[in-house]
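Here is a short note to read beside the model. Please keep the structure open while going through the points.

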Amino acid sequence: MRFSLFIKLTILALAAAIVTCMVFFVAAHLLLEETHEKITQRFGNVNRLVINSILSEPTVENLNRLDEELEIDIRYRDPHFSHVTDDDMPEFNQLRPPKRKFRLRTKRLPRHFKLMQADGDLYLFYAHKKQQIMISLEHDRHSALPLPLLLYTLTTFLLIWGSVYYIIRRQLAPLAILRRNMEAIGDGEWRPYHSNRDDEIGLLARGFNTMQERLQQLLTTRENFLIAASHELRSPIARLKLAAEMVDHPRAKAAIDKDLKELETLTSDLLQNARLQSAHSGANKQSVAAAQFLQELIQARPPHEQTRIRNHVCATTNTAPLTIDPVLFGRAINNLLDNALKYAEHVDINLQQSGSAVNIHISDDGQGVAEKDLPHLFEPFFRADESRTRNTGGFGLGLAIVAAIVKAHGGRITATNRQPHGLQVTITL
């Protein structure tokens with residue numbers, strides 16, 4: 001039987017609301033009981049208060065003294081004298097019988113007394129002969145919620161809504177895992193999430209796993225196609241190159257050779273990129289000295305390019321050794337240098353140790369790349385703005401191959417624009 005997450009959370013919210021109302025009810029009941037108890041305690045003093053004090057000496061001084069000592073409000077009236085200790089007290093004609101039943105020990109009330117109510121407050125009303133007395137039963141003019149009752153209420157609320165928060169967070173925790181797994185897909189990591197739940201979360205997890213399987217199948221099919229197509233194209237290209245040798249016209253032969261060279265480069269890049277994207281990239285890793293490795297790559301380039309490369313890497317640069325495939329990683333560095341030399345006059349290469357990581361910075365003094373193009377710079381077949389058009393050669397695979405090689409080595413590659421101009425690519429291993 002499948003229990004909907006919506007129903008679960010709805011029931012939880014209703015239960016929390018019901019328990020909260022019950023807490024309010026219990027707190028109000030306890031507060032009312034405490035109020036009633038304190039009011040009842042005053043009944044024992046009513047007879048003495050009225051008979052011995054007020055009726056025997058109805059003066060302003062006596063009434064005010066009682067008001068201060070007992071913290072109660074008094075209104076007195078007879079044919080010759082009237083006084084009230086608090087101007088906010090209601091008039092005698094405003095008193096009404098209580099609408100609610102208060103569990104008070106009314107049998108302890110003296111004769112000629114009645115329990116009355118006005119503006120929500122309780123009063124004892126005395127009427128005998130021509131004398132009338134109204135006594136407030138408020139036990140404390142500045143009363144506040146008792147501390148134990150306040151602590152009980154707050155603690156209960158914290159327990160209720162803390163439990164609700166914990167349960168909801170536990171119920172929705174798989175969503176955070178699914179979000180991280182989805183982000184990992186963007187980085188090329190496949191992370192299925194298995195759940196035995198029968199609600200919407202379980203359905204979402206199974207749908208997510210199915211989507212991953214189909215994506216993997218799609219990408220595998222694409223990689224296999226690219227590898228097969230690249231292999232199949234090599235033979236026709238080789239035959240065309242052989243046929244081109246028989247062309248007598250120099251200009252036609254040069255044009256054919258140029259196109260065949262581009263086609264051969266594209267085929268080789270496609271095959272290399274497809275292989276790097278696969279799970280078996282064939283990297284033959286070994287430990288190499290970073291500074292010496294970079295210097296050898298620069299020295300292997302043509303002399304006219306070496307003069308444009310400002311090498312800030314010394315053979316004595318103290319960095320951790322790199323565990324890399326020298327051939328693959330060398331191609332990545334050369335691709336970056338080729339790309340920088342193509343669009344700039346000078347290129348700088350730096351090596352830096354940052355904690356346990358080694359950073360290789362390759363920067364140029366060119367025009368840089370539009371900010372909107374930076375996130376897509378290492379995508380296959382992506383070409384940046386007008387300053388990097390097809391006229392400069394290439395098919396948009398060079399930087400994609402670099403990113404695939406860096407990823408195959410467990411590294412990270414980023415690109416940022418320099419100030420005032422230029423582009424910097426950083427490889428972190």
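1. Ground rules. This is a predicted model: local features need pLDDT of at least 70, side-chain atom pairs count only at pLDDT 80 or more, and totals for chains, interfaces and linings use all residues. Numbering starts from 1 along each chain as its sequence is written, and side-chain values use heavy atoms, with hydrogens and water left out.

2. Overall make-up. The protein has nine helices and 12 strands. These are DSSP runs numbered from the N terminus (helices: H or I, at least four residues; strands: E, at least two). Of its 429 residues, 38% are buried, meaning under 20% relative accessible area with a 1.4 Å probe, protein chains only. Among contacts (heavy atoms within 4.5 Å) with a separation of 6 or more, 60% join residues 24 or more positions apart.

3. Five strands make an open, mixed sheet in the order 7-9-10-12-11. Strand 7 (309-311) and strand 11 (412-417) are the edges, each pairing on one side only. Pairing requires at least two DSSP bridges between two strands. Neighbouring strands are turned by 20 degrees against each other on average, direction ignored. Strand 11 runs antiparallel to strand 12 (residues 423-428), over six bridges.

4. Helix 8 lies across strand 7, strand 9 (347-354), strand 10 (357-364) and strand 12. Its angle to strand 10 is about 25 degrees. Axes are lines fitted to C-alpha atoms, for helices over the stretch in contact; angles run from 0 to 180 degrees between N-to-C directions.

5. Helix 8 against helix 9. The axes of helix 8 (residues 326-343) and helix 9 (residues 398-408) come within 9 Å and cross at roughly 145 degrees. From helix 8, the contact includes Leu 328, Phe 329 and Ala 332. From helix 9, it includes Leu 399, Ile 401 and Val 402. By class, the contact has eight nonpolar, three polar and one charged residues. Here Ala, Val, Leu, Ile, Met, Phe, Trp, Tyr, Cys and Pro count as nonpolar, Asp, Glu, Lys and Arg as charged, and the others, Gly among them, as polar.

6. His 409. Is this residue buried or exposed? His 409 counts as buried because its relative accessibility is 9%. It sits in the loop between helix 9 and strand 11. Not counting residues up to four places away in sequence, His 409 touches Lys 285, Thr 323, Ile 324, Asp 325, Leu 328, Phe 329 and Leu 429. Leu 328 and Phe 329 also belong to the contact of helix 8 with helix 9.

Methods. Buried < 20%, exposed > 50% of the residue type's maximum accessible area, 1.4 Å probe, protein only.
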